[in-house]
Amino acid sequence: MDANAVSAQEYRVKHEPYYEAQGDEIVLFEAAYSNQIPVLLKGPTGCGKTRFMEHMAWRLRRPLVTVSCHDDLTASDLVGRFLITAAETAWVDGPLARAVRIGAICYLDEIVEARKDTTVVIHPLADDRRVLPVEKTGELLKAPAEFCLAISYNPGYQSVLKDLKQSTRQRFIAMEFGYPAPDLERRIIVRESGIGPETAERLVKFAEMTRNLKGNGLDEGASTRLLVHAAKLMVTGIDPRRACRSAIAESLTDDAEMLAAIVELNTSLF
Amino acid sequence: MAMTTSPAPLSTAELEERLDEYLDPVLSSRRTAGGLAAALAEFSRSQQDFVLRWVGIIAKTNAELAFQFAAQVPEGLRLMAPDDLESWIIQAMDTYDRMGLYPASAVFQEGGAYAARVQTRANGVAFDDVSGILEIFVRGLSGRALKLQPGDEIYTDTSTLFLPVSLTRLADKDGNFRLYKAIAAHQWAQTWYGTFHADLNTILADFPDQDKATRLFHALETVRLDAHLALDLPGLHRDMQELQKALGEPHYPAFWDKALQALRAPGASVQDTISALRALYESAVPAPRCYQGVLQTARAEQAMAQRIAREKVQFQTALARLINSGEQRTDPTIGPEDAAQNAKRLRLERNMDPDQSDRRRYEVAVDGRPMVIPQDVRAIMDSIIQDLGDIPDDYLVAAGDGGYQQNNDGKNPDDVWKGTYHEEGAFLYNEWDYRRQHYRKHWCVLREVDVHPLYDDFVSRTRIKYATSIASLRKSFEALRGEERLMRRQKNGDNIDFDAVVEAYADMRHGMEMSERVLTKLRKLERNIAVMFMVDMSGSTKGWINDAEREALVLLCEALEVLGDRYAIYGFSGITRKRCELYRIKRFDEPYSDLVRSRIAGIKPEDYTRMGVTIRHLTRLLNEVEARTKLLITLSDGKPDDYDGYRGDYGIEDTRQALIEAKRDGIHPFCITIDTEARDYLPHMYGAVNWALIDDVRRLPLKVSEIYRRLTT
């Protein structure tokens with residue numbers, strides 16, 4: 001288990017990640033953390049969920065273990081597995097088991113993407129038992145008080161397949177994240193990219209236009225993250241129209257007509 | 001239209017004979033086909049054949065239109081190439097479908113103009129080319145969703161933007177597109193920056209010359225709107241100025257400067273424009289800007305009045321719904337209260353939005369507690385605010401119980417073509433006309449409605465009647481269910497395959513290469529199937545066919561529940577293209593519940609079978625589902641058939657076309673029929689193998705499940 005002792009340091013968030021609160025989410029998270037209740041973050045992509053987790057890990061001075069879930073993520077990927085070394089087997093912890101051992105904050109990003117069986121392994125961790133049974137080694141890992149489980153998902157994907165089961169979601173305190181209010185979003189763009197406030201404001205307006213299109217051919221509007229990307233390109237000297245096209249319009253859609261319309265919206269603003 | 005070396009042209013007499021045959025209903029002793037025939041006699045045989053063929057096709061739609069065509073086509077033949085001629089004809093027929101005989105005849109009479117447009121089309125841009133982009137563009141800008149429609153005049157009635165059919169004013173395509181965009185943006189600006197916030201009709205009627213006042217008002221209002229656009233959409237404003245420069249539009253007279261300055265001030269409203277109009281009324285009206293169009297105050301007023309009345313009811317109904325749903329959660333013992341009491345409890349909070357100084361944020365509070373407002377209600381509120389600038393206090397009365405019974409009151413199916421009524425659950429679909437070999441655009445109006453649930457013992461009776469069959473069906477379906485399988489000797493996996501490891505070590509000791517495949521992996525073999533059942537609910541299913549259909553659905557659901565395939569069931573019927581109805585029995589995301597069961601029991605014969613539009617709509621629903629295999633299974637008792645000519649070859653060809661479209665989207669259609677004549681037409685529609693005939697109706701219930709099992713293994 002020596003390797004695990006080292007890794008606690010590796011997972012530390014050393015510098016304060018920039019985060020602007022949208023509401024009372026920081027207080028709420030701290031309250032949940034001190035009561036050892038797991039947290040579910042809901043919200044569209046790129047609205048600051050992951051950044052929020054980094055910020056909270058820094059604030060609470062806990063290591064942060066982040067797992068981006070994908071559709072081939074199995075329970076063993078989270079808990080751990082045997083590997084074969086010179087003629088014998090060795091157990092290696094998965095990220096979730098490691099997080100439990102070191103009392104970290106474990107953040108499972110986009111949990112609905114993972115295979116259905118993975119959501120079940122977090123159940124005993126997410127209620128008052130707070131244990132992680134490791135079937136293959138026969139171990140029952142008990143989570144220390146500092147351990148915290150957080151998961152995120154995007155309710156915007158209205159797919160029958162990608163929905164969170166009630167038995168899973170009802171173990172968590174849910175916090176909803178949206179895109180920041182225009183003024184706040186402008187401040188975030190300015191701070192993250194160093195662009196002038198006026199251009200940032202136009203970017204926010206452009207984002208709102210694309211968000212008006214959600215459900216009318218676009219699955220999602222432009223996220224704050226995309227706006228920051230566009231702003232960074234502009235600061236580097238890329239023409240604003242070109243920057244928006246590459247960083248925002250092309251990222252949002254491949255549909256030719258939709259793309260053309262978004263480019264027109266963009267050229268109307270810049 | 002093969003233009004090979006053709007036989008000798010037909011003579012005038014021969015032509016007249018053929019024309020007589022097609023045009024008989026509109027000919028008389030004073031109006032003969034003789035003149036038409038004489039004019040056609042000078043053309044080549046292939047051209048004559050082309051004309052005769054189309055006269056025949058058009059005459060099937062309308063004989064008078066065919067006559068008009070025959071009269072105008074000689075000029076058309078001289079001016080246009082065959083392809084352009086054909087698109088000219090199709091345009092006239094589309095116009096006929098949309099607006100009737102006279103506008104359609106006008107298209108034929110203006111053949112010369114059409115030919116000229118074809119000439120300039122190389123540089124021009126047509127409405128159909130840009131409407132898709134512009135509609136998204138306008139929706140993105142903000143405000144209520146606006147429809148775009150081609151029209152003779154450029155104006156907006158605040159719910160639809162009327163744009164020209166095509167634009168050729170500028171020398172290149174890009175320029176003409178910019179002009180389209182500017183026209184759309186100008187009209188959008190009228191709806192967004194409050195042009196209609198004043199009672200324009202009354203105000204403008206007070207001037208001695210209302211027409212002049214309207215035009216001058218519009219010119220001044222354009223200045224105000226341009227100033228708003230310059231502030232909010234600088235890129236667009238720059239484009240608009242460049243357009244004006246390119247078209248050499250003059251400046252406003254110098255003595256207007258002072259008035260214009262007031263209009264250009266940030267925050268100027270329509271009241272400022274009215275003051276400016278009063279001050280400048282005596283001066284001449286400047287030429288309109290290229291993107292300006294006209295102002296139709298009366299039509300705008302009418303559309304607004306309708307919308308305002310409708311949205312008031314919608315808003316109040318939504319409030320009632322919100323209040324009641326809130327109460328059910330907190331205290332189920334409180335019954336619905338009457339409207340007067342509700343009114344006292346509702347309060348509207350108009351908070352200044354800290355981020356957008358010019359727009360306020362509205363919240364509704366019940367008994368002092370803020371209510372969560374769903375997206376759709378928020379959209380209604382935004383639209384009301386866009387019309388009235390505020391939500392008046394008398395709106396804050398939740399509708400009484402009567403509010404729920406609001407069914408399409410006062411709505412005529414024809415309204416669909418007029419306004420934004422599409423969004424209220426109506427879908428428009430094209431229909432294939434095999435005679436024209438083209439689609440009739442937005443021809444069918446389809447609405448989804450719920451089957452009225454019938455709580456009787458039908459389902460339980462059926463379950464008892466088929467108890468043994470259900471048991472064996474379940475068993476055979478269970479065998480199909482996807483199981484987890486342990487895959488051995490994998491490169492990647494969750495566990496060690498010890499047999500493989502031992503072998504690999506033995507190999508290594510022997511000096512052979514050690515295999516990498518030493519892991520096991522659990523793989524779930526999922527049946528990734530989504531199936532849509534489309535059930536015939538036409539009048540002809542009355543009686544035992546209907547019973548058999550319902551029994552078949554019960555058995556099918558029982559079996560599918562075991563299997564775990566995603567499935568949906570919709571019934572279809574309707575009468576004429578304007579009332580195609582799709583009855584929801586079970587949606588994909590709905591569980592097989594008592595409600596679904598009672599809907600199955602409630603299936604009853606309705607009207608006719610218009611299959612094409614149903615298939616198009618169900619294809620659209622299937623496209624929204626993620627699945628590796630998608631099936632569309634039709635249960636039918638006969639040929640496509642509807643009241644307004646949708647029968648025979650026409651119905652079959654449209655259905656076939658709709659199925660081709662479905663296949664293009666990766667959907668596998670299949671048809672189960674009890675029509676013993678199906679052999680004559682089903683292979684043509686569904687393909688040689690994609691259908692099954694059950695000649696004994698009593699066996700339908702069991703057969704359907706069996707066929708499904710066969711189809712999906």
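Trainee: In which hand does α11(B) pass α13(B)?

Mentor: The crossing of α11(B) past α13(B) is right-handed, that is, the near helix is turned clockwise from the far one by less than a right angle. This is a predicted model, in which local features need pLDDT of at least 70, side-chain atom pairs count only at pLDDT 80 or more, and totals for chains, interfaces and linings use all residues. Residues are numbered from 1 along each chain as its sequence is written, while chains are lettered from A and ligands numbered from 1 in the order in which they are written.

Trainee: Which residues make that contact?

Mentor: From α11(B) there are L220(B), V223(B), R224(B) and A227(B), and from α13(B) there are L260(B), L263(B) and R264(B). Two residues are in contact if their C-beta atoms, placed from the backbone, lie within 7 Å. By class, 5 are nonpolar, none is polar and 2 are charged. Ala, Val, Leu, Ile, Met, Phe, Trp, Tyr, Cys and Pro count as nonpolar, Asp, Glu, Lys and Arg as charged, and the others, Gly among them, as polar.

Trainee: And why are α11(B) and α13(B) called oblique?

Mentor: They pack at an angle of about 45°, so they are oblique to each other. Angles under 35 degrees count as roughly parallel, over 145 as roughly antiparallel, 65 to 115 as roughly perpendicular and the rest as oblique. The axes, lines fitted to C-alpha atoms over the stretch in contact, are 8 Å apart.

Trainee: New topic. How many helices and strands are in chain B?

Mentor: Chain B has 26 helices and 19 strands. These are DSSP runs, helices being H or I with at least four residues and strands E with at least two, numbered from the N terminus.

Trainee: What share of chain B is buried?

Mentor: Of its 713 residues, 36% count as buried, meaning that 20 or more other C-beta atoms lie within 10 Å of the residue's own.

Trainee: Which residues touch the most other members of the largest nonpolar core?

Mentor: Among them are M532(B), F533(B) and L556(B), in a core of 68 residues. Helix α21 of chain B, residues 544–563, gives the most to this core, with 10 residues. Such a core is a set of buried Ala, Val, Leu, Ile, Met, Phe, Trp, Tyr and Cys residues joined through C-beta atoms within 7 Å.

How values were computed: Axes fitted to C-alpha atoms, helices over the stretch in contact; angles between N-to-C directions. Buried ≥ 20, exposed ≤ 12 C-beta atoms within 10 Å, placed from the backbone.
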